Amino acid sequence: MKTVTSLLFILFLFAASFVQAAPVRVVATIEPLADWARMVGGDDVTVETLLAPGHSPHTYDPTPGDMRKTVEASVFLKVGLHLDDWADHIANAGTSRDGVTTPCQLLSLGDWLKASALLPDLSGIEPKSGVVTRIGHAGAHDDGDEAHHHEEGHGTDPHFWLDPILAQRCVDEIARALCVVAPERADCWKAGAARARGELAVLDDVLSSTVASCSRREIACFHDGYKYLAARYGLIRVAVIEEYAGKAPGERYLIELVRDIKRSKLTAIFAEPQMSSRIANVIAQEAGVRVLILDPLGGTPGRETYLKNMRANAAAIRDALK
Ligand SMILES: [Zn+2]
């Protein structure tokens, strides 16, 4: 009898540990947010990204497959600030177990940063005239789609995830949401967030020392998604290839851009993997500069994680400004 009781007790412990070990399901609209959740949760979370590699959040339309991914998600992470409004109608209401529905923790991190007054003031970082200043309309979109009207004149720039210091704030917020859905693992989530903050601090050092080692500060990006990065590390955005994010630039704009790049001291311009590199290649050829990659999202070979992607971006910046 004693043996049977012991056996039952061991089975109970096994079952309890199995229940406890069930990972929390997290869905994120873009890869950087997904990877922050992995940094915090480790093996205690399963994370899926809606936006597949090669897609831009500026132009994305969700698929039925995306809707399936959100089923049973306990935490839903989005950028907010109108960048990924396309995700709103597929965010699920919550998970049901034994007749009890647990509301999904919907975190719109950009809106949370803004409401918490944690977003830096980006006014005052516009480049002075005298260098290339082809950023007149940059960031704003004229496609009439309300969901894309998020930047200058239309609201707050949503590209906060490219600033590792803001990322540190976000991993804490992700840990807070995980504490709500799985409070029994609160210690694990808090420890994960502390570890992630440390890794992001190292990344911050890498970016700071990279820019400090460069003799110049001017960058020309594919679209104007790097204001937070520029503001944090003292980079100066002097030009963007896409006058409006997600929209091919007009002929006159391109001609003036090539002329201005020729007059500048730029030796490279940046393309992005989510956008066709054809235009960047033509501009580079005409202006006599190189094309390098600044990837705002990552999630591809060699750029699998947020940290790897941002380190690759730092290397590209060093290459462009050396
Ligand atoms: Zn963007």
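The model is predicted.

Begin by selecting the 4 strands that form an open sheet with parallel pairing, in the order 2-1-3-6. At its edges are strand 2 (45-49) and strand 6 (105-108), each of which pairs on one side only. With direction ignored, neighbouring strands of this sheet are turned by 20° against each other on average.

Next, select strand 1 (residues 24-28) together with strand 2; 5 bridges join the two in the parallel sense. Within this pair, V26 stands opposite V47 of strand 2.

**Helices on the sheet**

**Helix 6**

Now select residues 186-212, the 27 residues of helix 6. From first C-alpha to last, helix 6 reaches 39 Å, close to the 39 Å expected at 1.5 Å a residue. Colour W189, G192, A193, A196, L200, L203, L207 and V211, which are buried. Which helices do the buried residues of helix 6 pack against? They are helix 2 (31-41), helix 5 (164-181), helix 7 (227-233) and helix 10 (306-321).

**Helix 5 against helix 6**

Keep helix 6 in view and bring back helix 5: the two pack at an angle of about 170°, with their axes 9 Å apart. Because angles over 145 degrees count as roughly antiparallel, helix 5 is roughly antiparallel to helix 6. On the helix 5 side, show P164, I165, A167, Q168, V171, D172, A175, L178 and C179. Their partners in helix 6 include W189, G192, A193, A196, R197, L200 and L207. The residues of this contact divide into 14 nonpolar, 2 polar and 4 charged.

**Helix 6 against helix 10**

Select E199, L203, V206, L207, T210 and V211 in helix 6, and L307, M310, R311, A314, I317 and R318 in helix 10, which make the contact. By class, this contact has 8 nonpolar, 1 polar and 3 charged residues.

Key. Residues are numbered from 1 along each chain as its sequence is written. This is a predicted model: local features need pLDDT of at least 70, side-chain atom pairs count only at pLDDT 80 or more; totals for chains, interfaces and linings use all residues. The expected span of a helix is 1.5 Å times one less than its number of residues. A residue is buried if 20 or more other C-beta atoms lie within 10 Å of its own, exposed if 12 or fewer, and partly exposed in between; C-beta atoms are placed from the backbone. Two residues are in contact if their C-beta atoms, placed from the backbone, lie within 7 Å. Two strands pair if DSSP finds at least two bridges between them. Axes are lines fitted to C-alpha atoms, for helices over the stretch in contact, and angles run from 0 to 180 degrees between N-to-C directions. Angles under 35 degrees count as roughly parallel, over 145 as roughly antiparallel, 65 to 115 as roughly perpendicular and the rest as oblique. Ala, Val, Leu, Ile, Met, Phe, Trp, Tyr, Cys and Pro count as nonpolar, Asp, Glu, Lys and Arg as charged, and the others, Gly among them, as polar.
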